[in-house]
Amino acid sequence: MFELNLIKDKAKARQRRRVIFLSIVSILFLAGLLSIFVGSLFWRETTELKKTNEQIAGVDNSLKTMKADLDVREPAARKRRNALIEAWREDVAVRQDRPYFSPIIRDIVSYHPASARFWYNQISISTNVEGGGPRGTGTDSELAAAKSLMGTRGLEASGYIQIEGSDILTESELRTVAKQMDGMLKLVGEPKYTLDVSSEIIPGGDSEASRYVPFTMRAAQTQFTREAP
Amino acid sequence: MAKGAGSSGGDWTAGIVAIVAALLLGGALPIGLYFGLYMPKEKERLDAVKKLDQLNIDMEMMLARGERVRGLEEDGSQMEERVKEIETPFALGDAEKLDVPDVRATLLRLAEKHQLALRPERQQQLGAEVVFTGGDRITFEKGLHATKLQIEAKARFHDFGRFVTEMETLEQFVIIPESLVCTGDANGGNDHVFIMVVYVVERRDVDAIGR
């Protein structure tokens, strides 16, 4: 009886050990499976991270290359475009606003007082130094020359006018003539005239009939329109 | 019997302890791996993805900037063409000799056509011409240059007037008059002496503008 019980106990013990062993093995197996699953997840993350890092490196490299290229090209392109625009504007201004002398010369020929003859012995057209400013020194002087060239002009003419009858009438006609000399050029302000009565020449001795009086006409400074002659 | 039952209970206790220990150890391994390895790696990957997204945004901005730069360069090319077109009537100057030979030759032909003669005091001078270089070259604010030419002639007023009109309306050159002095003949003749200073606008080196 005792031996039988002993045998039974041994069998039970073996069974217990087997259950315990199998449980532990199962637990460890499941733990192993889980660990492998987690490991596979880790591996997937690692490979994806590697790919992402490679992409980052590629994009970063391209970005750096493009940035270095654009950092050079952009200011250069902007500077060139702006300089070309400024150059074009200057070209337009020079072509449109440049002064012409032919209208003045034509006006000098065209307009005469109706009742008097006159002769010019000196006509002078030059840059208006007072208006444009004298050519200075230093860096500004280079530009002052161009400004003066594109600036206003003054006209001065002197000669003799044959006066018949009234001084006042002739002087008024002279004023009309100068005002008519306003073709291409816009006269700024009132022109000035001087009749040098003391130097007048009386051909026949009859002071009221006919005499030649020297005159000087200073047309005021001029500005230019944007129309070609 | 009692000893056998006690032994059986002890075996179970030890077994359960072993099972619990196995559970704890077996559970700790994947959990430890999950939190210790996987989670930091996942965080690292997400950070990398975020960085990649940011870089892609930066790349799009950079591509847009590249387009803008291409636009600027295209604008520059168009302006270059426009500058070349508007400067067609500007002369090719010789900066070293302060001369514009083509313009001078054209003006000499014009002077001959309109019967402009040399001034009396220059008629005996060797190589004297009605149109000659003035020895000056001026610079405009934005880089344009103009070379000085001087015209000294004896002519009738109408002839000189026609010469000036034709000179100022030449299609192939832009000539800006600076000053003119006309002195009448003291003897009452028709020929006057004209001294005129003009500046000839020169063509730019368009390729060098803004570079």
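Helices here are DSSP runs of H or I with at least four residues, strands are runs of E with at least two, and both are numbered from the N terminus. With that settled, hello everyone!

A word on the source: this is a predicted model, where local features need pLDDT of at least 70 and side-chain atom pairs count only at pLDDT 80 or more, while totals for chains, interfaces and linings use all residues. Residues are numbered from 1 along each chain as its sequence is written, chains are lettered from A in the order in which they are written, and side-chain values use heavy atoms, with hydrogens and water left out.

Let's begin with chain A. It has five helices and six strands, running α-α-β-α-α-β-α-β-β-β-β from the N terminus.

Now, the largest pocket. By pocket I mean an open set of points on a 1 Å grid over the protein atoms alone, where a 1.4 Å probe fits, with protein on both sides within 12 Å along at least five of seven lines; lining residues have an atom within 4 Å of a point.

Which residues lie nearest its centre? They are A:F118, A:W119, A:Y120, B:G189 and B:H192, out of 22 lining residues. Helix 2 (102-110), strand 1 (118-127) and strand 2 (153-163) of chain A, and helix 3 (157-168) of chain B, each supply at least two residues of the lining. Strand 1 of chain A gives the most, with five.
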